[in-house]
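My notes follow in the order of looking.

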Amino acid sequence: MVKINGEEVMADGMTVSEYLAQEKLKPETVAVMLGNDIVPKGEYGSVVLSDGDELEVVGFVGGG
């Protein structure tokens, strides 16, 4: 199980890109942290989630 935004999720073996696509999130509108490290957008397709990982996905909101 991977903890994503505080919830246990069955995402072991998925890349960050695969997880974002599953959740219908656009990579250009989110920032992703794995543990204490920010994942560069160019690495979303190569970073594989493993059991015990903690991921935070934060979306950007525009406004004024």
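I looked up β3 and β4 and found that they run antiparallel, joined by 2 bridges. Strands here are DSSP runs of E with at least two residues, helices are runs of H or I with at least four residues, and both are numbered from the N terminus. I take two strands as paired if DSSP finds at least two bridges between them. Met33 has Ile38 of β4 as its bridge partner. The two strands form a hairpin with 2 residues between them, and Gly35 in the turn has a positive phi of about 65°.

Note on the source: this is a predicted model, in which local features need pLDDT of at least 70 and side-chain atom pairs count only at pLDDT 80 or more, while totals for chains, interfaces and linings use all residues. Residues are numbered from 1 along each chain as its sequence is written, and side-chain values use heavy atoms, with hydrogens and water left out.

Next I traced the sheet. It is open, with 5 strands in the order β2-β1-β5-β3-β4 and mixed pairing. I noted β2 (7-9) and β4 (37-38) as the edge strands, each pairing on one side only. β3 and β5 are antiparallel over 5 bridges, and Val32 is bridged to Val57 in β5. β1 and β5 are parallel over 2 bridges; here Lys3 has Glu54 of β5 as its bridge partner.

Then I asked which residues have the most contacts inside the largest nonpolar core. They are Ile4, Ala11, Tyr19, Val32 and Val57, in a core of 16 residues. Such a core is a set of buried Ala, Val, Leu, Ile, Met, Phe, Trp, Tyr and Cys residues joined through side-chain atoms within 4.5 Å. Buried means under 20% relative accessible area, exposed over 50% and partly exposed in between, with a 1.4 Å probe and protein chains only. β1 (2-4), α1 (16-22), β3 (30-34) and β5 (54-59) each give two or more residues to this core. The largest share, 3 residues, is from α1.

I listed the contacts (heavy atoms within 4.5 Å) of Tyr19. Leaving out residues up to four places away in sequence, Tyr19 touches Ile4, Val9, Ala11, Met14, Leu49 and Val57.

Asn5 has phi near 50° and lies in the loop between β1 and β2. Asn5 is partly exposed, at 40% relative accessible area. Lys24 has a positive phi of about 60° and sits in the loop between α1 and β3. Lys24 is exposed, at 75%.
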